[in-house]
Amino acid sequence: MHIGMIGLGKMGRNMVTRLLRGGHRVVAYDLNLEAVQAAAAEGAEGAATLDELAEKLTVPRVIWVMVPAGGPTEETINALATRLAPGDVVVDGGNSNYKDSQRRAATLADQGLLFVDAGTSGGVWGLTEGYSLMVGGTPEAVALLRPALETLAPAPDKGWGHVGPSGAGHFVKMVHNGIEYGLMQAYAEGFELMQHKTEFGLDLHQIAELWRTGSVVRSWLLDLTAQALAENPTLAGIGAQVADSGEGRWTVNEGVELGVPLPVITLALQNRFRSRDAAPFGDKLLAALRNQFGGHAVEREE
């Protein structure tokens, strides 16, 4: 298969490598010329402009976009639309909001262009383990993309699927990330509780390792927990601020819109917000209120 790749960040570069190893021809483009040169050194065809990218691809052209969600994705897809012809396929493999994907699919369809939203999970491990791909779009568009999906996934028949019409792929990926928030929070709380039970002198890495085999809580996230604790048992030097990509917020908002309770995911998201505040105003107010009604001592900031 001949496929264009726009966006050569770490995941984009790894996807190019996996496609090349699978025997596909790849034309690579990025605003960073050094990234393009690095992809070319691995065997990809480099493109200095979007025009050159479009010219180098065989028809029907398939172009996979791996740039940040929001403005960068919108600008890239709009620019591609002026350079492609009816029957060509645009794939958004980033973390776009599914509503944006529905809108983009409709806009491109008016021009005869096909659109696929491919929710992509796998992170830095995708190169060796394969990517989990949640795909939305028309059967026609997905059929054209199938050879690449089978190569990028862990196996041709595992780890990827056409989950529904345009927008469905990014919707499922949004929910996937919301679940990820909850799982990570549960592991974090459990290990923190054990870390505080000092009388037992628990070896947290040992416990993570033994849970990895036979336990009902075993998972890839637990594997990564064990690895992190092996490398740094006390997590020394690691800040406690936890970012969120936005998909957790979208998941919670969707739950509100549909009237679906999501208490675990919602609380996990709220905890990430709290982690970024070194001195939460709400906690200060709690201390002040206890002092007001009960005369309880208040600790002073240094």
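## Strands 4 and 5

Let's start inside the sheet of this predicted model: strand 4 and strand 5 run in the parallel sense and pair over four bridges. Two strands count as paired here if DSSP finds at least two bridges between them. Helices (H or I, at least four residues) and strands (E, at least two) are DSSP runs, numbered from the N terminus. One of the bridges links Trp64 to its partner in strand 5, Val91.

Where do the side chains of strand 5 go? Val89 and Val91 point one way, Val90 and Asp92 point the other way, and all are buried. Buried means under 20% relative accessible area, exposed means over 50%, and partly exposed is in between (1.4 Å probe, protein chains only). In a regular strand the side chains alternate between the two faces of the sheet.

## A few ground rules

Residues are numbered from 1 along each chain as its sequence is written, and side-chain values use heavy atoms, with hydrogens and water left out. As this is a predicted model, local features need pLDDT of at least 70 and side-chain atom pairs count only at pLDDT 80 or more, while totals for chains, interfaces and linings use all residues.

## The whole chain

The protein chain has 13 helices and eight strands. Of its 302 residues, 41% count as buried. Taken along the principal axes, the C-alpha atoms fill a box of roughly 75 × 40 × 35 Å.

What is the strand order in the open sheet? Its eight strands go 3-2-1-4-5-6-7-8, with mixed pairing. Strand 3 (45-46) and strand 8 (160-164) stand at the edges with a single partner strand each, so one side of each has no neighbour in the sheet.

Strand 6 (residues 114-121) and strand 7 (residues 132-136) pair in the antiparallel sense, over five bridges. Follow Asp117 across and you land on its bridge partner in strand 7, Gly136.

Helix 7 lies across strand 1 (2-6), strand 4 (62-65), strand 5 (89-92), strand 6, strand 7 and strand 8, and runs at about 30° to strand 6. Axes are lines fitted to C-alpha atoms, for helices over the stretch in contact, and angles run from 0 to 180 degrees between N-to-C directions.

Helix 7 (residues 139-152) also packs with helix 1 (residues 10-21): their axes come within 9 Å and cross at roughly 105°. The two helices are therefore roughly perpendicular; angles of 65 to 115 degrees get that label, under 35 is roughly parallel, over 145 is roughly antiparallel and the rest are oblique. Met15, Arg18 and Leu19 of helix 1 meet Ala148, Thr151 and Leu152 of helix 7. By class, that contact has four nonpolar residues, one polar and one charged. Ala, Val, Leu, Ile, Met, Phe, Trp, Tyr, Cys and Pro count as nonpolar, Asp, Glu, Lys and Arg as charged, and the others, Gly among them, as polar.

Also in helix 1 is Asn14. Is Asn14 buried or exposed? Asn14 is buried, with a relative accessible area of 12%. Leaving aside residues up to four places away in sequence, Asn14 touches Val124, Leu127 and Tyr131.

## Helix 8 and its partners

Helix 8 (residues 168-196) and helix 11 (residues 247-258) have axes that come within 8 Å and cross at roughly 100°. That makes the pair roughly perpendicular. Helix 8 brings residues including Phe171, Met174 and Tyr181 to the contact, and helix 11 brings residues including Trp250 and Glu254. The classes here are five nonpolar, four polar and three charged.

Ala168, in helix 8, is buried, with a relative accessible area of 17%. Ala168 touches Asp117 and Val163, not counting residues up to four places away in sequence. The C-alpha atoms of Ala168 and Val116 are separated by 9.7 Å, with the two residues 52 apart along the chain.

Which peptide bond is cis? The one from Val59 to Pro60, with omega near -5°. Pro60 sits in the loop between helix 3 (50-56) and strand 4.

Leu235 has a phi near 55°, a positive value in a residue other than glycine. Leu235 belongs to the loop between helix 10 (220-231) and helix 11, and is partly exposed, with a relative accessible area of 39%.

Methods
Contact means heavy atoms within 4.5 Å.
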